[in-house]
Amino acid sequence: MPTGLAPFWWAVWESGTAAALDGASSLVAQGMTGFTLTRIDVSVPQGSRVWRHPGITVTRRRDVGRVLPVLPRVEPATATIRAAQLATSDRQAALLICLPVQQRIVAPAHLLDRWRTVRRSPRHTLLGQVIADVCDGAHSLGELDFAGLCRRTDLPEPRRQQLRRGPRGRIYLDNEFACGLVVEIDGAQHGWGLAPVEDALRANALTLQSRRVLRIPVIGLRLNPQAFMAQVAEGIRLMTLR
């Protein structure tokens, strides 16, 4: 697909009356990086005359939503939700929620507010969980949820929020097993700013105390819990053999 804004202008001009970029196309036009479009998504009001062109997907909507000026595009919170709804897989849906939040194209509070107005949606359960996780909502997957996964996979329940001393002060461990395995559940904020530096210092300090640390992104537990819990089981086995 051609790069730059020209294809977006062409799609808006040629698709129909009051057309606006939507979904991932709106987000890329807004500046989102890290995602390659395979088509341009455009929305038009119901009743609009539509012209179909290769590479453009046009959706008639009862309510297109608020459209930003100059290059017509649906505002970021609505576009993020629609991008995830139109994704080709659950993994892509999660990516299309993470990227605009991490790149500050959409404010977490705005995304949460917009999501609360959505009554029906493809992947409704998954999107609700991922949006809450990424925006640090009240229903984020945390230590209690991880303990539940341990019980369901016949693993011992970890001790939570254990206090340890590190070279930079106190360290609270998300989950620690009796064998010395530590499992840290990383929310989206762990990838922002200087958080990776602090996480590395923390993990290294624990390793020097003869502990083994597994870091699990919360989105990973949403999308592939079996693989991560298998790693936890292997970590417990290896630590027990020491």
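**Packing, salt bridges and backbone angles**

Arg82 and Asp22 are both buried. Before going further, please keep in mind that this is a predicted model. These two residues form a salt bridge, and their closest N and O atoms are 2.7 Å apart. Arg82 sits in helix 3, while Asp22 sits in the loop between strand 1 and helix 2, so the pair ties together parts that are 60 residues apart in sequence. Which residues make up the network around this pair? Asp22, Arg61 and Arg82 are linked by salt bridges.

In general terms, side chains of opposite charge can pair when their charged atoms come close. The count of salt bridges here comes to eight. I will mention two others among them. Asp41 forms a salt bridge with Arg39, with 2.8 Å between the closest N and O atoms. Asp41 has a relative accessibility of 7%, so it counts as buried. Arg39, at 24% relative accessibility, counts as partly exposed; the cut-off for buried is under 20%. The other pair is Arg151 with Glu157, where the closest N and O atoms are 2.9 Å apart. Here Arg151 is partly exposed at 48% relative accessibility, and Glu157 is partly exposed at 40%.

Next, helix 2. It runs over residues 23–30, and six of its eight residues are buried, so I call it mostly covered. The buried ones are Gly23, Ala24, Ser25, Ser26, Leu27 and Ala29. What do they pack against? On the helical side, the partners are helix 1 (6–15), helix 3 (76–85) and helix 4 (90–102). The strands they pack against are strand 1 (20–21), strand 2 (40–45) and strand 5 (73–74). After helix 2 comes Gly31, with a positive phi near 120°.

A polar atom of the Ser26 side chain lies 2.7 Å from the backbone oxygen of Val74. Leaving out residues up to four places away in sequence, Ser26 touches Leu21, Arg73, Val74 and Ala79.

The other residue is Ala83, in helix 3. Ala83 is buried, at 4% relative accessibility. How far apart are Ala83 and Leu27 in sequence and in space? They are separated by 56 residues in sequence, and their C-alpha atoms are 8.5 Å apart.

Helix 3 also brings us to helix 5. Two packed helices are described by the angle between their axes and the distance between the axes. For helix 3 and helix 5, the angle is about 65° and the axes are 9 Å apart. Their crossing is right-handed. From helix 3, the residues that meet helix 5 are Ala77, Thr78, Thr80 and Ile81. On the helix 5 side, they meet His110, Leu111, Arg114 and Trp115.

Helix 5 itself covers residues 108–115, and Leu111, Leu112 and Trp115 are buried there. These residues span an arc of only 100° around the axis, which puts them on the same side of helix 5. The buried residues of helix 5 pack against helix 3, helix 4 and helix 6 (124–134).

Last, the backbone angles. Most residues other than glycine have a negative phi. Val70 is not a glycine, yet has a positive phi of about 65°. Where is Val70 placed? Val70 is in the loop between strand 4 (67–68) and strand 5. With a relative accessible area of 71%, Val70 is exposed. Asp154 is another residue other than glycine with a positive phi, here near 60°. Asp154 lies in the loop between helix 7 (143–152) and strand 6 (159–166). Is Asp154 buried or exposed? Its relative accessibility is 71%, so Asp154 counts as exposed.

That is what I had. I will take questions now.

Key: Residues numbered from 1 in each chain as written. Predicted model: local features only at pLDDT ≥ 70, side-chain atom pairs only at ≥ 80, totals over all residues. Heavy atoms only, no water. Buried < 20%, exposed > 50% of the residue type's maximum accessible area, 1.4 Å probe, protein only. Helix = DSSP H or I, 4+ residues; strand = E, 2+ residues; numbered from the N terminus. Contact = heavy atoms within 4.5 Å. Arc of directions from axis to C-beta. Polar contact = N/O pair within 3.5 Å; in protein donor to acceptor, adjacent residues only side chain to side chain. Salt bridge = Lys/Arg side-chain N within 4 Å of Asp/Glu carboxyl O. Axes fitted to C-alpha atoms, helices over the stretch in contact; angles between N-to-C directions. Left-handed = near helix turned anticlockwise from the far one by under 90°.
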